[in-house]
Amino acid sequence: MSEGYFVGWGTLALINAVLAQGKNRSGLNWFILSLFLGPLATLFLALSGKK
């Protein structure tokens, strides 16, 4: 796979971590989860309410 794919996936994980912290959730946990689930984790965060 190309290097750009991994950079994009990692960037998405960082964005999800910041989004999670804005919703009073663990940024580290969501970062790790995002590395495995990618866009699905973003969808879950976007649909979840603030804690």
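The buried residues of helix H2 pack against H1 and H3. Here contact means heavy atoms within 4.5 Å, and buried means a relative accessible area under 20%, with exposed over 50% and partly exposed in between (1.4 Å probe, protein chains only). Helices (H or I, at least four residues) and strands (E, at least two) are DSSP runs numbered from the N terminus. The model is predicted, so that local features need pLDDT of at least 70 and side-chain atom pairs count only at pLDDT 80 or more, while totals for chains, interfaces and linings use all residues. Residues are numbered from 1 along each chain as its sequence is written, and side-chain values use heavy atoms, with hydrogens and water left out.

The protein contains three helices and zero strands, and its elements run α-α-α from the N terminus on. A compact globule of 51 residues would have a radius of gyration near 10 Å, and the 11 Å found for the protein agrees with this. The radius is taken over C-alpha atoms, and the globule rule is 2.2 Å times the number of residues to the power 0.38. Along the principal axes, the C-alpha atoms fill a box of roughly 35 × 15 × 15 Å. Of the 51 residues, 24% are buried. Among contacts between residues at least 6 apart in sequence, 50% join residues at least 24 apart.

In H2, the buried residues are Gly27, Trp30 and Ser34. Seen down the axis of H2, they fall within an arc of 60 degrees and so line one face of the helix. The arc is that of the directions from the helix axis to the C-beta atoms. The face of H2 turned away from this buried side carries the exposed residues Leu28 and Phe36.

Serine 34 lies in H2, which comprises residues 27-37. Serine 34 counts as buried because its relative accessible area is 1%. Its side chain makes a polar contact of 2.9 Å with the side chain of asparagine 16. A polar contact is a pair of N or O atoms within 3.5 Å; within protein, one must be able to donate a hydrogen and the other to accept it, and residues adjacent in sequence count only if both atoms are side-chain atoms. Leaving aside neighbours within four places in sequence, serine 34 is in contact with Trp9, Ala13, Asn16 and Ala41.

Phenylalanine 36, also placed in H2, counts as exposed because its relative accessibility is 69%. Phenylalanine 36 and tryptophan 9 are 27 residues apart in sequence, and their C-alpha atoms are 9.4 Å apart in space. Just after H2, glycine 38 takes a positive phi of about 55 degrees.

Helix H1 (residues 3-22) has 20 residues, which at 1.5 Å a residue should span 28 Å; its end C-alpha atoms are 29 Å apart, in agreement. The expected span is 1.5 Å times one less than the number of residues. Ala13, Asn16, Ala17 and Ala20 are buried in H1. They cover an arc of only 105 degrees around the axis, which puts them on the same side of H1. Glu3, Gly4, Leu14, Ile15 and Val18 are exposed on the other side. The cover over the buried residues of H1 includes H2 and helix H3 (39-47).

Asparagine 24 lies in the loop between H1 and H2. Its phi is near 60 degrees, a positive value in a residue other than glycine. Asparagine 24 counts as partly exposed because its relative accessibility is 47%.

Rings of Phe, Tyr and Trp (its six-membered ring) pair if their centres lie within 6.5 Å; planes under 30 degrees apart count as stacked, over 60 as edge-to-face and the rest as tilted. By this rule there are two aromatic pairs. Tyrosine 5 and phenylalanine 6 form an edge-to-face pair, with 5.7 Å centre to centre and 80 degrees between the planes. The ring centres of tyrosine 5 and tryptophan 9 are 5.6 Å apart and their planes are at 35 degrees, so this pair is tilted. Tyrosine 5 and tryptophan 9 both lie in H1, four residues apart, about one turn of the helix. Tyr5, Phe6 and Trp9 form one aromatic cluster.
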